[in-house]
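Student: Could you go through the charged side chains with me for this one?
Tutor: Gladly; let us look at the structure and then take your questions in turn.

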Amino acid sequence: MRESYRVGWDIACPSLEILNNSYVVPQTQLSRPPLERMLRIHDELRRGAFVNCTKLSKELEVSRKTILRDIAFMRDRLDLPIEFDAHIQAYRYTETVTAFPTVNVTEGELLALLVAQRALEQYRGTPFHGQLEIAFKKLAGGLRDRISFSPADELRAVSFKNIGLGKTNLAVFNTLSGAVLRSHTVTFDYRKPGDPKASRHVQPYHLANRENLWYLVGFDLEREALRTFALPRIADVVVTKERFVRPTDFSPEKFFASALGVLGGKGDHRVVIRFSTAVADRVREREWHESAEIHDLDGGAIELWMRLGALKEVEQWVLGWGAAAEVIGPPALRKSVRQTISELAGRYR
């Protein structure tokens, strides 16, 4: 049986002023949320109470004009049968109203929301966890009544785990995200693996989460080229007053198009990896790259073909499959993997 649930709809979301790409909530909106006020008005009208703007403005601690706007919205936008009775100098419902206008949520949709909330736990400690948690609390706050939903009990059987979630300094992330939004040049210290820290002067174009780690894509002014910077390696960020104009032809999709994960390049390599029958199904079950093609071989083995701009990440990925994967081409990648395997064999003798 397909059940549906009634969830409160925040149809009166307060307007926001936009200032320098930031959202500013007017001071007058620090009172009760509009939906909460309207629900209170609805409850008063439904039970036949004496409802006028003066009384409600005192009880809800808002201006009389605010109450008038709420009532007008309920009448004109939500089609609730409200009218002002001049004889009693109060508002009333002209017909029976049993429930406030709501959005119907199916059992499947509610279950999807609950699963999404459980999935949120895997991002605990990352920059967006706090904002996402607030969003879910708002959704829950819109529920008018407690819901008994037995499938939710089964969510104990659902869990999420990503190995190696990236560690991100929230202060660094927030500073860089502001610079990206406002197109301000930044300076920071950056440490490449195995190298000492070096100062960078960058025009920040984009923040990307790739393979569970945050990266900044920006134009390095000293090197005069686009570069990718891992956020955990960035320190001492300073936002300058220098503005820049992001190129109209830049897009993250285009920038990462030639990369298996993060590191792209200007090369044009046709990568062919042969996978044994034992792992063929595991390879089929995932999307590896936009250019990926799978070709069946006799006996159940497969070949994965991709067109990539760089080979370094591919070597690390292939080695992760152990003896179940073999590089067929290009020759440079096959040679590099063979050398690495030789070094590993020497260490494990």
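**Charged side chains**

Tutor: Lys312 counts as exposed because its relative accessibility is 58%, and it should be kept in mind throughout that this is a predicted model.

Student: Where does Lys312 sit?
Tutor: Lys312 is placed in helix 9, which covers residues 312–319, and together with Lys192, Arg227 and Lys266 it forms a positive surface patch.

Student: OK, switching to salt bridges, how many are there?
Tutor: The count comes to 15 salt bridges, and one of them pairs Asp70 with Arg37, where the closest N and O atoms are 2.6 Å apart.

Student: Which parts does the Asp70 and Arg37 pair tie together?
Tutor: Asp70 belongs to helix 3 (residues 64–76) and Arg37 to helix 1 (residues 34–46), so the bridge ties together parts that lie 33 residues apart in sequence.

Student: And are those two buried or exposed?
Tutor: Asp70 and Arg37 are both buried.

Student: What about Arg46 and Asp43?
Tutor: Their side chains meet in a salt bridge with an N to O distance of 3.4 Å, and because Arg46 and Asp43 are three residues apart in helix 1, about one helical turn separates them. Arg46 is partly exposed at 43% relative accessible area, and Asp43 is likewise partly exposed, at 25%.

Student: Which residue does Arg223 bridge to?
Tutor: Arg223 forms a salt bridge with Glu222, the closest N and O atoms being 3.9 Å apart; Arg223 counts as partly exposed at 37% relative accessibility, whereas Glu222, at 58%, counts as exposed.

Student: Last one, which residues are linked in a network of salt bridges?
Tutor: Such a network links Arg40, Glu44, Arg47 and Glu59.

Definitions and conventions: Residues are numbered from 1 along each chain as its sequence is written. This is a predicted model: local features need pLDDT of at least 70, side-chain atom pairs count only at pLDDT 80 or more; totals for chains, interfaces and linings use all residues. Side-chain values use heavy atoms; hydrogens and water are left out. Patches are made of residues with over 30% relative accessible area and no salt bridge: like charges are joined within 9 Å, nonpolar side chains (Val, Leu, Ile, Met, Phe, Trp, Tyr) within 5 Å. Accessible areas come from the Shrake-Rupley method with a 1.4 Å probe; for residues, only the protein chains shown count as cover. A salt bridge is a side-chain nitrogen of Lys or Arg within 4 Å of a carboxyl oxygen of Asp or Glu. Lys and Arg count as positive and Asp and Glu as negative; His and the chain ends are not counted. The place of a charge is taken as NZ of Lys, CZ of Arg, CG of Asp or CD of Glu. Helices (H or I, at least four residues) and strands (E, at least two) are DSSP runs, numbered from the N terminus. Buried means under 20% relative accessible area, exposed over 50%, partly exposed in between (1.4 Å probe, protein chains only).
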